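Here is a short report for a reader who is new to this structure. Please look over the sequence and the model, then read on.

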There are 2 protein chains.
Amino acid sequence: MDYVYMESYLKAISDHNRMLILKYLSKDSLCICEFTELLDMTQPAVSQHMRKLKTAELVTEEKRGRWTIWSLNVRHTLYPMLIHLLSLLPEPEITVESLEAEGKRVVCE
Amino acid sequence: MDYVYMESYLKAISDHNRMLILKYLSKDSLCICEFTELLDMTQPAVSQHMRKLKTAELVTEEKRGRWTIWSLNVRHTLYPMLIHLLSLLPEPEITVESLEAEGKRVVCE
DNA sequence: TGAATAAATAAGCAATCACTTATATAATGG
DNA sequence: CCATTATATAAGTGATTGCTTATTTATTCA
């Protein structure tokens with residue numbers, strides 16, 4: 001692991017909104033439109049965050065119909081450290097469960 | 001640990017020069033003028049990096065005569081994780097030993 | 001088909017970044 | 001006291017950041 005790679009990895013995590021995204025992903029795989037609800041953020045903003053996380057190999061994506069389902073990249077060398085970091089952060093106020101209660105959870109197929 | 005604090009902590013680490021500084025500090029306490037040699041960087045540049053690290057509580061400083069001796073903040077909650085991260089990074093090419101060999105190591109008193 | 005939905009991309013913008021050079025502050029020692 | 005040394009601070013600069021709005025691409029389904 002060289003300094004340049006570590007720098008880009010850490011820069012990708014070093015944003016409170018992306019940490020929130022990763023915190024959510026540590027529990028469920030989610031799509032962009034769900035994040036716009038969870039983070040109260042515009043669709044392009046979320047999309048750009050996901051691209052940064054993907055470039056840094058923190059997440060993986062899977063096309064499913066209209067949706068792109070995003071997941072944590074559990075194969076990454078630093079995945080255990082990431083999980084540890086995320087465990088230190090509080091649960092977000094808006095939960096995926098509350099999304100479900102509002103009928104806004106995406107169910108593919 | 002809230003998201004804002006974690007963000008500022010990670011942002012402070014997310015720079016290859018500051019990671020190098022922390023890597024050096026994981027072995028020795030050092031002063032600004034030694035870092036200018038080790039990193040081949042101007043004195044104000046090093047000074048500004050140290051201020052960022054200090055603001056994020058990653059390092060501590062101790063005035064000793066003309067010099068300010070900088071050390072890792074071993075009391076920080078995230079210190080063990082920091083040490084782990086640093087252990088994944090390669091040893092810098094310019095070592096403190098090579099500084100000593102050139103007679104550029106600062107010896108207070 | 002064609003309207004609706006999900007996501008990506010592009011361009012623009014204010015704020016922040018890591019540096020630079022110049023200068024100020026502070027301590028040492030002749 | 002004064003020159004030297006170590007560090008901090010200030011102001012300026014080009015690059016990058018995280019957003020915005022507008023538009024494009026792609027998929028579903030009536």
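The report below goes through helices, a sheet, a core, salt bridges and some backbone angles.

## Basis of the model

This is a predicted model: local features need pLDDT of at least 70, side-chain atom pairs count only at pLDDT 80 or more, and totals for chains, interfaces and linings use all residues. Residues are numbered from 1 along each chain as its sequence is written, chains are lettered from A and ligands numbered from 1 in the order in which they are written, and side-chain values use heavy atoms, with hydrogens and water left out.

## Helix 2 of chain A

Helices and strands are DSSP runs, numbered from the N terminus (helices: H or I, at least four residues; strands: E, at least two). Helix 2 of chain A spans residues 16-25. Nine of its ten residues are buried. Buried means under 20% relative accessible area, exposed means over 50%, and partly exposed lies in between (1.4 Å probe, protein chains only). Among the buried residues of this helix are A:N17, A:R18, A:M19 and A:L20. A:K23 and A:Y24 are also on that list.

What happens at the start of helix 2 of chain A? There, a side-chain oxygen of A:D15 comes to within 3.0 Å of the backbone nitrogen of A:N17.

## The sheet of chain B

Chain B has an open sheet of three strands in the order 1-3-2, with antiparallel pairing. Strand 1 (30-31) and strand 2 (59-64) of chain B are at the edges. Each has a single partner strand, so one side of each is left without a neighbour in the sheet. Two strands pair if DSSP finds at least two bridges between them. Strand 1 of chain B is joined to strand 3 (residues 67-72) of chain B by two bridges. B:C31 is opposite B:I69 in strand 3 of chain B. Helix 2 (residues 16-25) of chain B packs on the sheet and touches strand 1, strand 2 and strand 3 of chain B. Its direction makes about 90° with that of strand 3 of chain B (axes are lines fitted to C-alpha atoms, for helices over the stretch in contact; angles run from 0 to 180 degrees between N-to-C directions).

Six bridges pair strand 2 of chain B with strand 3 of chain B, in the antiparallel sense. B:R64 faces B:W67 in strand 3 of chain B. The hairpin of these strands has two residues between them. In that hairpin, B:G65 takes a positive phi near 60°.

## The nonpolar core

A nonpolar core is a set of buried Ala, Val, Leu, Ile, Met, Phe, Trp, Tyr and Cys residues joined through side-chain atoms within 4.5 Å. There are 68 residues in the largest one. Which of them touch the most other members? They are A:F35, A:M50, A:L58 and B:F35.

Contact means heavy atoms within 4.5 Å. Leaving aside neighbours within four places in sequence, the contacts of B:F35 include B:I21, B:Y24, B:L25 and B:L30. B:V46 and B:M50 are also among them.

## Salt bridges

A salt bridge is a side-chain nitrogen of Lys or Arg within 4 Å of a carboxyl oxygen of Asp or Glu. How many are found over all chains? The search of the whole structure gives 14. In chain A, the side chains of A:R105 and A:E34 form one (2.9 Å, N to O). A:R105 lies in the segment after helix 6 (96-101) of chain A, and A:E34 in helix 3 (residues 32-38) of chain A, 71 residues apart. A:E34 is buried, at 2% relative accessibility. A:K23, A:K27 and A:E91 are linked in a network of salt bridges.

In chain B, the side chains of B:R105 and B:E34 also meet in a salt bridge (2.9 Å, N to O). B:R105 lies in the segment after helix 6 (96-101) of chain B and B:E34 in helix 3 (residues 32-38) of chain B, so the pair ties together parts 71 residues apart in sequence. B:R105 is partly exposed, at 22% relative accessible area. B:E34 is buried, at 2%. Not counting residues up to four places away in sequence, B:E34 touches B:L99, B:K104, B:R105 and B:V106. B:E61 and B:K54 form another salt bridge (2.6 Å, N to O). B:E61 is partly exposed at 36% relative accessible area, and B:K54 is partly exposed at 41%.

## Positive phi in chain A

Most residues other than glycine have a negative phi. A:D40 has a positive phi, near 50°. A:D40 sits in the loop between helix 3 and helix 4 (43-55) of chain A. A:D40 is exposed, with a relative accessible area of 70%.

A:E57 has a positive phi near 65°. Its place is the loop between helix 4 and strand 2 (59-64) of chain A. A:E57 is partly exposed, at 39% relative accessibility.

Definitions and conventions. A polar contact is a pair of N or O atoms within 3.5 Å; within protein, one must be able to donate a hydrogen and the other to accept it, and residues adjacent in sequence count only if both atoms are side-chain atoms.
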